[in-house]
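Good morning, everyone, and thank you for making time for this.

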Amino acid sequence: EVWSDARNRAADEALAALVDVRGWVRHRVTGWAMDGARLHAEPGWAVGCTRAEARRVGAHFQQWAIWWVEHERLEATDARPSQEREYRAVAGIPAL
């Protein structure tokens, strides 16, 4: 399903509000991936929360996956409640 720009903006605003209400720290990031032969990129949020919380919020906002950083490793994790699989590590993340 392809969302309209208006629906994406509304969901982004709702996600930011949810993160703020929960008191989590957030930073704007843009995720991207190859979708066949084209590059798909969309803005999102880096949020300080647990993996379980991130998966629940991702599922609530109808995301297939979330990015997760732990021990300087970036991973993609399935956000759908019916899935439990973890994707491979994508890259090492330098410590800040």
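Let me start with a term we shall need: a pocket, on a 1 Å grid over the protein atoms alone, is an open set of points with protein on both sides within 12 Å along at least five of seven lines. Please keep in mind that what you see is a predicted model.

How large a volume does the largest pocket have? The value is about 2,100 Å³, and 44 residues line this pocket, with Glu 42, Gln 63, Ala 65, Ile 66 and Trp 67 lying nearest its centre. Sorted by class, the lining comprises 29 nonpolar, eight polar and seven charged residues. Strand S2, residues 38-47, supplies the largest share of that lining, namely eight residues.

Strand S3, residues 65-70, pairs with S4 in the antiparallel sense, over six bridges, and in the hairpin they form, where two residues sit between the strands, His 71 takes a positive phi near 50 degrees. Five of the six residues of S4, which runs over residues 73-78, are buried, so this strand is largely enclosed by the rest of the structure.

Finally, let us turn to helix H1, whose buried residues are Ala 11, Asp 12, Leu 15, Ala 16 and Val 19. Seen down the axis of H1, these fall within an arc of 135 degrees, and therefore they line one face of the helix. The face turned away from that buried side carries Glu 13 and Val 21, which are exposed.

Methods: Residues numbered from 1 in each chain as written. Predicted model: local features only at pLDDT ≥ 70, side-chain atom pairs only at ≥ 80, totals over all residues. Heavy atoms only, no water. Buried < 20%, exposed > 50% of the residue type's maximum accessible area, 1.4 Å probe, protein only. Helix = DSSP H or I, 4+ residues; strand = E, 2+ residues; numbered from the N terminus. Pairing = 2+ DSSP bridges. 1 Å grid on protein atoms, 1.4 Å probe; cavity = no way out; pocket = protein on both sides within 12 Å on 5 of 7 lines; lining within 4 Å. Points joined across faces, edges and corners; volume = space filled by probe spheres on them. Nonpolar A, V, L, I, M, F, W, Y, C, P; charged D, E, K, R; others polar. Arc of directions from axis to C-beta.
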